[in-house]
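The notes follow in the order in which I looked.

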Amino acid sequence: MGADLDTRSRIAQPLFASRKPQGQLELMTATIGPAPDAFIVAAGGIGTVLEAMMIWQLLQVRHLDDTPLVFAGPMWKGLVDWAKESMLRPDSPMAREADMQIPHCVANADEAIAVIREHHSRWKAAHVQAT
């Protein structure tokens with residue numbers, strides 16, 4: 001994911017000592033730290049899926065912007081296909097086609113790194129031209 005999380009230390013130290021987070025972005029920031037340059041999500045369980053969906057949603061509503069979300073491994077294509085089938089139904093759409101383009105599904109780590117490098121090249125070109 002976007003950060004190396006040591007959940008054992010969280011058990012001993014409450015995540016929010018003085019107050020509760022005020023919103024989804026604040027909760028996510030407290031969970032993963034400052035917004036990373038990219039997210040690569042590998043195979044995992046329910047917690048990994050939950051975090052991946054939260055990141056996808058934050059990208060969808062542009063609380064995070066211009067940040068690649070890469071799903072690496074065979075389990076993710078089925079999830080994205082399910083989201084497309086279920087959420088883009090003409091009779092009751094719950095998302096836009098553009099929302100389904102947010103995650104990049106790749107087969108392995110090498111392909112994930114290639115997606116990140118390509119994104120970085122585009123970002124660098126845009127920012128070098130802007131300055």
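For the class counts below I take Ala, Val, Leu, Ile, Met, Phe, Trp, Tyr, Cys and Pro as nonpolar, Asp, Glu, Lys and Arg as charged, and the others, Gly among them, as polar. The model is a predicted one.

Entry on the second largest pocket. I looked up its volume, which is about 180 Å³, and then its lining, which consists of P36, D37, A38, D66, T67, P68, I116, H119, H120 and W123. Sorted by class, this lining comes to five nonpolar, three polar and two charged residues.

Entry on the largest pocket. Here I found a volume of about 340 Å³ and a lining of 18 residues, among which L59, D65, D66, T67 and I102 lie nearest the centre of the pocket. Two or more lining residues come from each of α3 (46–60), α5 (97–100) and α6 (109–130), and α6 gives the most, with four residues. By class I noted eight nonpolar, six charged and four polar residues in this lining. D66 and T67 are named in the lining of the second largest pocket and also among the residues nearest the centre of the largest pocket.

Entry on P103. I placed this residue in strand β3, which covers residues 103–106. Is P103 buried or exposed? I count P103 as buried because its relative accessible area is 8%, and the cut-off for buried is under 20%. Leaving out residues up to four places away in sequence, I listed W56, L69, F71 and V80 as the residues that P103 touches. For L69, which is 34 residues from P103 along the chain, I also noted a C-alpha separation of 4.9 Å.

Terms used: Residues are numbered from 1 along each chain as its sequence is written. This is a predicted model: local features need pLDDT of at least 70, side-chain atom pairs count only at pLDDT 80 or more; totals for chains, interfaces and linings use all residues. Side-chain values use heavy atoms; hydrogens and water are left out. On a 1 Å grid over the protein atoms alone, a cavity is a set of points where a 1.4 Å probe fits but cannot get out, and a pocket is an open set with protein on both sides within 12 Å along at least five of seven lines; lining residues have an atom within 4 Å of a point. Grid points are joined across faces, edges and corners, and a volume is the space filled by probe spheres set on the points. Buried means under 20% relative accessible area, exposed over 50%, partly exposed in between (1.4 Å probe, protein chains only). Contact means heavy atoms within 4.5 Å.
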